[in-house]
Amino acid sequence: MAQGHAGEMEAERNDVRDDGGRPPRAVVGSHRIEEEMFGKAFDSNIVKRIWAFVKPYRAKVIVSVAAVLVFTGTQLVIPLIIRYAIDHGMTPGMVDRTALLLAAGAFLLAILINYAASYTQEIVVGKMAENVLFDIRRAMFGHLQKVSLSFMDKTEVGRLMSRLQGDVNSMQEFLETSVLSVGDIALLFGIVFVMLWLDFRLGLLTLAVLPILFIVRLFWLPRARDAFMAAHETNSVANGALAEAIHGVRAVQSMDRQQVNFVLYDDKAHANLKTHLTAAKYAQVMVPIVDTLTGIAMAVVIVVGGSMVMNGGLDIGVMVAFLFYIQRFFDPIRSLTLQYSVMQRAMASGKRLTDVLDVRIDVEDKPDAKVLSPDMDGSVEFKNVTFGYSPKHPVLKDVSFKVNPGETVALVGPTGSGKSSAMALVHRFYDVQQGQVLVGGYDVRDLTQESLGRQVAMVLQEPFLFTGTVFENIHYHKTEATREQVIEAAKAVGAHDFIMSLAGGYDADLGERGGNLSLGQRQLISFARALVADAKILVLDEATANIDSYTEMLIQRALVKLLEGRTGLVIAHRLATIRGADRIIVLQNGRIIETGNHAQLMAKGGLYSKLYNLNYASFDDIPEEVLEASVQNGSRT
Amino acid sequence: MTSEAIGSATKPRNSLAHVKAAGWGKGLNTLARITRMNLRHPWQVAFAIGSTIIAATLQLLIPQLLGRAVDQTQAAFAGGEAGAIAEQALWISALLLLLVSTLRGLFTMSQNYFAEAVGHHIGYELRLACYEKIQRLSFSFHDQVHSGDLITIGMLDLEGVRMFFSTGVVRMVLLTMLIGIGAYLLISTDLVLGLLALSFVPFVAWRSSVTQLKLRATWLDLQERLSVLSRVMEENLGGIRVVRAFASQAYEMLKFDRASKNALGLAHERVDIRVRNTSAMTFSFFFAMGLVLLFGGNKVIAGEISVGRLTTFLTFMTILQMPVRQIGLMVNSFARASTCGSRLFGLLDMDIEIKDAPDAKPLEISEGTLRFENVSFAYPGAEGRPILRNVSFEARRGETVGIVGPPGSGKSTIAHLIPRFYDVAGGAITLDGQDIRKATLASLRREVAVVQQDAFLFTTTIENNIAYGDPWAKESRIERASESAQLHNYVLGLPTGYQTVVGERGVSLSGGQRQRLTIARTMMLKPSVIVFDDSTAAIDAATEQRIRVAMRRFAKDRVTIVIAHRLSSLMHADQILFLENGEIVERGRHEELLAKGGRYKALYELQVRPGDQIPSDEDGSAG
């Protein structure tokens, strides 16, 4: 910028910096919008949908609920056996020991049943919950393979992944704990019942502490949950900032932001420390309360129970049994209140899962869809096609053209002219609004998508490679292709040399999405992949990004090879490609305005010849204003 | 960015991998180091441990008091004078019990709270240390270590170290107290009954330790398998157009099922391990209880002990049950802290390769002349493959240097050497005669800015992104930079303008828009040297031309280096260097190089007006 500004700007900078505050425009970590974590505790619609996934395992559900009830029963019985042993088998000096042996036998039986029941229940529930988790994930993943591409276009992969992982996991947690909570409820009621049955008055007195605990927890729970949520939130904020520092480290270092970032991160880490200390206070404050209540209950049993024993109104064994029950009966209350949060979380997740499962499938095979045979002629025809992503804004308007078998047609036109949409229609990524797209003479809507896909190979502008070896990427999906065929294809497109220079050659592992290859190299591999697929029709979207001239040359050669003996529909950006085509279709605003080969179009003197004469190496390099001027002239001619 | 240079030949090597094999001695060192960190909070540590000891003692009193109360009741039942005294004693027992329970609760609260507090404090310290270290480690480190590994260290390993005090140390004190004193009390009261009551302890302790360690090992394995599964899903969703283009949904489902089954199988196995052991542990506990009941009952009949004593034994067992099961968790906590700790400390102790020399001085710029003097370079770990050889050139303020050459010729490396992302292997780079290795890094990086080809954008507003290098900047400057980078009009068209959040959760920018934003961000820095590292590849030629015009005034005050594939980006340069295999093979102005008729000329011909014939395959494979 101008010299004059420099001094002034320096002054601005110093002014603000001296006040010692945080820089006004600096943040670390992202502005994250957390998804809603808690829903209604119970939503019958969502429970119904989840139940559909559990239904195949309903026999197991029944077994596990039965097992959990049996298990709870044995837990209740054990103190009773002890009571029996004390009251009937332990009179000092007693000769007959059958009562004690009987008690011991009963005890052994009870713990064997307890063992079997807990084993059965935990194994069955644990495995079932895992199965359901994987089933739900599979259903969602499978659904995403079929939903319309417009949904996929506007939904971030990250968001879908958090559905497939986080949300599915919280469903699993929900399933596991819901069986346990059946046990908890049974245990709670069981203890209350047994205590009242053993001695109604003492039972009532002892249980008087329960409502106190309930009330205390009622007050505690919302506050504690806020504290836990705050801790969770600050933790993910701090972790997010750390992840950003890791991924953006090169940018941070090159702009020398380490100092500022450290101060900002310290704010976040410190906030995290504080919320965690608060959460720890909330978590721990219940401990003395529960212990005091337990102490009260025990004191009541000793004083009241003790005096009842003295009056002969109570067996001493009953008193001991009471002491045992008291030590157990706060557990179910604790886990039941925790259950409540799990339920709410599960409902919120369930809602998001069903949202994904309910996304409409737009493009589906007809029930009587035909299989497109490899012997079809390989022609592509558009008959009065009108198409748009929303009905009101058609991207293609009444477009008709035919690509004859073996012919290469280049689609040319400014951005937004509808080239990419036309290409997507050949493969039936979307359905037309009016008219027909015919492949090999058949309407694409009458064919199975599978067979159509096998005959129409596509090369996308942005080559996408999968993690795996070079071989696996070229061989992708075409399971019958041999290694020789793969190598031959790579040689044909000129990729063989650089593949061999990789450590491991064809077995070299590509980094995440082929990250260790250049764009041009990835392009060549995607060409080889299309060649191996050996389809009759090739639809290709030429890369617009600048590729170095050397690789560019290889790509041009490969293209010729790729189109040999195939019907080709190419969205062309490079003049070399366009000139090589048998026929050129010029699109503008969703309509065909010119067609013909290079010589014919040049002779015609329309838009094409104007664009060509501007002498740019690629149509994409033409400045907008120049383009607009030509387009206006072009449409007048 | 370095992929061009090292990517294909050398696989990323994880320099933190060695710690997996850390031995026992190393593990103990790590635990000692964590303990030293904990001791930096001496009061909290003292409170936590003191509370633990008191809480454990109080807890041990409860069965005694209960047993006493039962005996007193029985005595009272027997009636007589003793009965009346016993009744009073019963009241005292009850009140004592209440008092002990309440106190135990309070001390347990304090034990847990202070134990957690120690952990959170060292967690905070470690977070800062980690963050700072990661920010400062050189590019060569980040090239070799997966970002995912760093995230694991900074999040999961840090947790393992943080939790060591509460789940390891404090628990160990508690268990030692409970089991040790408990065992002493039981055995000293009645040897046989005491041994029977404790008989489940060794079994449960052993089983739970083995199980926890096994679960830990399989957990790591499971995470591995789950990450394969999530990779399959993520790639599928990211590449959904390719999947559909090849009609390979069925194949993808197969891939998914394979990964899914692989993980599910192990998940089932883990359920088995867990359940088999918890059930067995519960059973052994109850079995011991049954034995105490049977033998204790006989002893009561024989008059050797009272019912109250027996109650003491039985309640004592219920108190011991949970802590004994937790031995496994404690063992696990030690194992976890030692592996997590050695990874974490491995990172924190890592040497920073590129840092200020001891006698480093801030750069002083007067003339603003950049000079390469016989610079040679090879990436660390690939020393056998020199990337640059004897590169020398000079550029003065206001000059533009263009660099072209085939892929892998070392162009980007030049961009990385000037701000010292890497250090030269031979020769020197100087700014106004000062060797950049003798200058402070902070001053160097203020003077040298690089516009990278695929720069990282931060998930924040466009304004914050542009002002990243100068967050104090005024709005007017931000807009000026944005105008020069031809971004301003686009931003104004957005509903929330400069406050629009970009990246993951915001609008997604096209490649060209990202590059323009990166250019704007770099223009905020006012460097003496600005390097465009192929940073206009995704911008169309016309917009690039406008940027160049807008930057003319900006370029007057500094050295500009343009690295590009597209010749139109650098034809206007004062000096063009043609790089091949790390050496400058041609240099001069555009016209001079064209006149020379060498490699530059050939490249020019190829780009500006490609021949009417596409070169045929035959002459291609020959060349």
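**Exercise 1.** Count the salt bridges between chain B and chain A, and look at the one that joins A:Arg138 to B:Asp257.

*Solution.* Start with the rule: a salt bridge needs a side-chain nitrogen of Lys or Arg within 4 Å of a carboxyl oxygen of Asp or Glu. By that rule, there are five salt bridges between chain B and chain A. In the pair you were asked about, the side chains of A:Arg138 and B:Asp257 meet at 2.6 Å, N to O.

Bear in mind that this is a predicted model, where local features need pLDDT of at least 70 and side-chain atom pairs count only at pLDDT 80 or more, while totals for chains, interfaces and linings use all residues. Residues are numbered from 1 along each chain as its sequence is written, chains are lettered from A and ligands numbered from 1 in the order in which they are written, and side-chain values use heavy atoms, with hydrogens and water left out.

**Exercise 2.** Describe the interface of chain B and chain A by its residues and its buried area.

*Solution.* First, the residues: 164 from chain B and 171 from chain A are in contact (heavy atoms within 4.5 Å). Next, the area: about 16200 Å² is buried between the two chains, and carbon and sulfur atoms give 66% of it. Buried area here is the accessible area (1.4 Å probe) that two parts lose on being put together, summed over both. Then find the top contributors in chain B: B:Tyr131, B:Phe246 and B:Trp472 lose the most area to chain A, together 6% of what that side buries.

**Exercise 3.** Which residues of helix H8 (residues 191-198) of chain B are buried, and what covers them?

*Solution.* Buried means under 20% relative accessible area (1.4 Å probe, protein chains only). Helices are DSSP runs (H or I, at least four residues), numbered from the N terminus. In H8(B), the buried ones are B:Leu193, B:Gly194, B:Leu196, B:Ala197 and B:Leu198. Their cover includes helices H7 (164-189), H9 (200-238), H11 (249-301) and H12 (307-348) of chain B. Finally, check the N-terminal end of H8(B): B:Asp190 caps it, with a side-chain oxygen 3.3 Å from the backbone nitrogen of B:Val192.

Notes
Buried < 20%, exposed > 50% of the residue type's maximum accessible area, 1.4 Å probe, protein only. Helix = DSSP H or I, 4+ residues; strand = E, 2+ residues; numbered from the N terminus. Polar contact = N/O pair within 3.5 Å; in protein donor to acceptor, adjacent residues only side chain to side chain.
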